[in-house]
Amino acid sequence: MTVVTGQQPNLREPKGWRRTKNRTATVLMVIAFILAVIPLVFVLITVVARGIKIISWQYLTSPIPPQVVPAGIGGIGPAILGTIEIVALATAMAVPLGVLGAIYLNEYGGKGVLARLIGFMADVMTGVPSIVMGLFIFSIWVLHFGFSGFAGALALGCLMLPVVIRSTDEMLKLVPNPLREGSYALGATKARVTLTVVLPAAIGGIVSGALLAIARAAGETAPLLFTILTVFTANRNPFSGPTTSIPSQIFANATSPYTGAQDRAWGAALTLVVIAFVLMIAARMVTARFTRYSR
Amino acid sequence: MEQPEPDIATSLQPPKPAAEPQAPPVPEPQAPLMPQPQAPSGPGSIVFDAERVSCYYGSFRAVTDVSLSVYENEITAFIGPSGCGKTTVLRTLNRMNDLVTGARVEGDVRYRGSSLYGKDVSPIAVRRRIGMVFQKPNPFPKSIYDNVAYGPRINGEHNRGRLDEIVERSLRQAALWEEVKDRLKASGLSLSGGQAQRLCIARTLAVEPDVVLMDEPCSALDPIATGAIEDLMRDIKQRYTIVIVTHNMQQATRVSDRTAFFSVLRNEESDTRTGVLVEYGRTQQIFEDPTDSRTEAYVTGQVG
């Protein structure tokens with residue numbers, strides 16, 4: 001039992017160098033955060049403010065007019081169609097391949113030479129500039145078979161593949177090993193363990209990783225330059241003939257001297273932002289849906 | 001429970017010589033190894049018969065020359081200080097160590113007469129007969145029902161009615177049914193530690209294994225939950241053979257019929273250490289009348 005004698009203990013943080021350091025660091029972090037947010041907010045405000053005027057159902061579905069036509073007539077229907085086709089094809093190629101590759105890396109490859117090689121190549125591919133990917137597809141595909149939405153999808157798929165492999169790999173690494181052992185101890189085969197325990201435990205992260213890769217691919221312009229040629233007419237067949245996409249239309253219209261075309265570019269930019277936003281929300285919802293049993 | 005004929009090997013292997021031909025360049029412990037004590041013969045048939053089993057992780061020899069027999073419908077406890085290889089030996093009994101890269105077993109483990117490490121033996125088939133409960137409860141991120149039904153399902157049982165029966169029976173055996181019968185659809189991860197461990201036991205019992213291996217199943221549990229699991233072990237030993245690794249000597253005396261005491265053998269010259277089986281016998285004999293001084297020191301609390 002202690003007796004309180006006269007002076008009470010001072011429990012406040014003492015003045016001095018330590019408190020100064022602490023406060024300085026806090027202020028610097030707040031400033032850094034604000035600086036980081038400014039461009040984001042600015043971009044969003046500008047795109048919404050300039051794009052919202054032009055967006056309408058008619059704009060989203062109409063054919064692309066000549067660039068001299070003022071805003072209010074025509075739209076970007078073929079570009080939306082092209083983007084949907086190209087991104088869907090790229091997803092269909094890259095996501096299954098990437099997920100299977102990551103499963104091999106994590107569950108089957110172990111520390112083998114092949115697994116390490118794939119992991120290394122995936123890392124290298126992540127760093128390849130997207131325009132190089134476009135050139136690559138141009139030289140191996142377009143030169144032989146001509147421009148097409150499919151060629152664009154190949155280029156985007158090559159861009160998405162390493163991203164999907166890496167994000168899936170990270171998610172599979174997070175699955176605790178005791179879960180795998182619990183399944184093995186019941187007499188499950190490796191395929192069973194992977195299908196019934198590992199993948200369900202990681203599926204939320206895998207799907208949201210794939211959606212983020214799709215959102216990124218949907219906004220790519222450079223790899224499409226050499227692969228879809230960017231025309232202004234609708235091309236329903238993604239396997240043959242030049243086509244167009246939203247990012248290519250933004251590029252073509254924004255660089256034109258006509259104000260109508262520039263306004264249409266802003267509208268297309270807003271459309272793209274909204275698509276990316278919807279995919280992000282979907283990724284969040286998927287993650288929440290699949291983590292129901294893991295809380 | 002009827003004992004099915006073991007058919008883990010499509011062709012039964014002749015007893016293998018104790019050591020593989022590709023003996024690794026591992027420094028042999030210089031100290032003389034213990035003569036391995038033989039367990040007194042008891043009633044019931046022998047389930048496991050380990051003969052001079054040594055386990056390696058890479059070049060590290062974790063366990064050296066363990067020989068012991070595990071008897072049917074008994075609870076066999078493995079005790080000893082940390083790092084003495086109890087868990088390693090337990091995991092050789094259902095080939096769980098196959099999953100660890102670099103793990104290797106020398107010597108022979110015979111399960112009801114057939115060699116577990118024979119050429120044609122599938123570890124999958126071994127683990128369907130010899131289940132395992134782990135130190136930390138590891139329920140799958142699925143519902144309670146799906147956790148228990150997991151094993152029967154991978155064995156091809158998809159009939160809803162029969163699955164319901166299996167789930168209820170297994171949860172009752174694991175003394176968990178009354179607590180969860182109204183929320184079988186809830187996540188297995190929503191259970192408390194003791195409940196989750198009993199769920200894992202129910203999951204293991206659902207495939208009706210011949211043997212249940214338990215690796216410190218109560219180390220993460222409070223005394224009440226531990227008591228529940230010990231009661232459950234005594235209940236199910238009529239139908240199963242149980243091998244349990246435990247750090248808790250009171251637990252070994254409470255539940256086990258036989259006890260194996262493992263210890264660490266150090267070699268000062270080559271600076272290596274390895275786990276050895278010091279003494280194996282009836283639990284009462286090990287704790288009240290140990291023949292080895294190291295066993296006596298350990299069970300009376302002078303070391304460890």
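**Helix contacts in a predicted model**

Q: With neighbours within four places in sequence left aside, which residues is Ala122(A) in contact with?
A: This is a predicted model, in which local features need pLDDT of at least 70 and side-chain atom pairs count only at pLDDT 80 or more, while totals for chains, interfaces and linings use all residues. Residues are numbered from 1 along each chain as its sequence is written, and chains are lettered from A and ligands numbered from 1 in the order in which they are written. Two residues count as in contact if their C-beta atoms, placed from the backbone, lie within 7 Å. Beyond its neighbours within four places in sequence, Ala122(A) is in contact with Pro162(A), Ile165(A) and Arg166(A).

Q: Is Ala122(A) buried or exposed?
A: Ala122(A) lies in helix 4 of chain A, where helices (H or I, at least four residues) and strands (E, at least two) are DSSP runs numbered from the N terminus. A residue is buried if 20 or more other C-beta atoms, placed from the backbone, lie within 10 Å of its own, exposed if 12 or fewer do, and partly exposed in between. Because Ala122(A) has 20 other C-beta atoms within 10 Å, this residue is buried.

Q: How are helix 4 and helix 6 of chain A oriented to each other?
A: The axes, which are lines fitted to C-alpha atoms, for helices over the stretch in contact, with angles running from 0 to 180 degrees between N-to-C directions, come within 8 Å and cross at roughly 125° for helix 4 (residues 113-126) and helix 6 (residues 149-174) of chain A. Angles under 35 degrees count as roughly parallel, over 145 as roughly antiparallel, 65 to 115 as roughly perpendicular and the rest as oblique. Helix 4 of chain A and helix 6 of chain A are therefore oblique.

Q: Which residues of helix 6 of chain A does helix 4 of chain A meet?
A: The crossing of helix 4 and helix 6 of chain A is left-handed, a term for a near helix turned anticlockwise from the far one by less than a right angle, with right-handed if clockwise. From helix 4 of chain A, Ala122(A), Met125(A) and Thr126(A) take part, and in helix 6 of chain A they meet Leu161(A), Pro162(A), Val163(A), Ile165(A) and Arg166(A).

Q: At what angle do helix 3 and helix 6 of chain B cross?
A: The crossing of these two helices of chain B is right-handed, and Ile144(B), Asn147(B), Val148(B), Tyr150(B) and Gly151(B) in helix 3 meet Leu199(B), Ala202(B) and Arg203(B) in helix 6. The axes of helix 3 (residues 144-154) and helix 6 (residues 193-205) of chain B come within 7 Å and cross at roughly 35°.

Q: What separates the centres of domain 1 and domain 2 of chain A?
A: Chain A is divided into domain 1 (17-51) and domain 2 (59-294), with bounds from an automatic or database domain assignment. Their contact takes four residues from domain 1 and five residues from domain 2 of chain A. Taken over C-alpha atoms, the separation of the two centres is 30 Å.

Q: Which element gives the largest share of the side of chain A that touches chain B?
A: The contact takes 19 residues from chain A and 24 residues from chain B. Helix 7 (177-184) and helix 8 (190-218) of chain A are the elements giving two or more residues to the chain A side. The largest share, five residues, comes from helix 7 of chain A.

Q: What percentage of the residues of chain B count as buried?
A: Chain B has ten helices and ten strands. Of its 304 residues, the share that counts as buried is 46%.
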